[in-house]
Amino acid sequence: MPFGEAHSEFQSFWKKKNGFNNRTHISLGGGYRTIFRDTTLVGVNGFYDTARLREQWSPSGGVGLELAALLQSYEALDLNFNWYGRMFDSQVLRSAFRYGPANFDLEAGYSHELWEGGPDFRLKITGYKFDTVVDKYGGWRTGGDL
């Protein structure tokens with residue numbers, strides 16, 4: 001089943017001498033998802049993103065893979081992988097998988113229904129790498145959702 005998504009965010013991060021340093025983010029994309037054996041969802045997606053930070057717009061793009069599977073006893077497992085970067089720069093496209101910057105995140109989650117018909121508790125772990133050429137960010141993040 002094809003899908004589409006559009007969203008935007010506006011945030012004010014910190015105060016600078018002449019006002020606030022605001023961030024605006026716009027994301028447009030879509031993809032395709034299908035269900036196998038009534039228990040497993042598999043999908044691919046692509047997105048165009050642009051963000052305005054420090055008075056400058058920075059466009060990027062990304063592609064991703066997703067998987068969600070129902071397990072026994074109303075439990076579920078999900079995996080998401082996203083690769084993103086300056087996809088609209090021909091130099092980056094030519095060397096995207098050899099030299100970078102290759103930016104990505106990988107998230108895995110495990111959900112357990114607390115009681116029949118009740119809410120789910122989801123444990124998650126995310127690994128990520130974000131290289132802006134000037135600064136590099138990377139690491140792990142864990143958490144839980146109810």
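Modeller: Ground rules: it's a predicted model, so local features need pLDDT of at least 70 and side-chain atom pairs pLDDT 80 or more, while totals for chains, interfaces and linings use all residues. Residues are numbered from 1 along each chain as its sequence is written, and side-chain values use heavy atoms, with hydrogens and water left out.

Colleague: Fine. Why is E66 called buried?

Modeller: Buried means under 20% relative accessible area, exposed over 50%, and partly exposed in between (1.4 Å probe, protein chains only). E66 comes in at 13%, so buried is the label.

Colleague: And what makes E66 and N45 a polar contact?

Modeller: A polar contact needs a pair of N or O atoms within 3.5 Å; within protein, one must be able to donate a hydrogen and the other to accept it, and residues adjacent in sequence count only if both atoms are side-chain atoms. The side chains of E66 and N45 make theirs at 3.0 Å. Leaving out residues up to four places away in sequence, E66 also touches others, including F3, R33 and L79, where contact means heavy atoms within 4.5 Å.

Colleague: How do you know that F81 and F104 are stacked?

Modeller: The search of the whole structure finds one aromatic pair. That pair is F81 and F104, at 6.3 Å centre to centre with 25° between the planes. Rings of Phe, Tyr and Trp (its six-membered ring) pair if their centres lie within 6.5 Å; planes under 30 degrees apart are stacked, over 60 edge-to-face, the rest tilted. Both values pass, so the pair is stacked.

Colleague: Why do you say the pair ties parts together?

Modeller: F81 lies in strand β5 (residues 75-85) and F104 in strand β6 (residues 103-113), so the parts it joins are 23 residues apart in sequence. Strands here are DSSP runs (E, at least two residues), numbered from the N terminus.

Colleague: What makes F81 and F104 partly exposed?

Modeller: F81 has a relative accessible area of 32% and F104 has 29%. Each value falls between the buried and exposed limits, so partly exposed is the label for both.

Colleague: What about R37 and D38: buried or exposed?

Modeller: R37 is exposed at 81%, and D38 is exposed at 71%. R37 sits in the loop between β2 and β3 (40-53), and D38 has its place in the loop between β2 and β3.

Technical notes: Helices (H or I, at least four residues) and strands (E, at least two) are DSSP runs, numbered from the N terminus.
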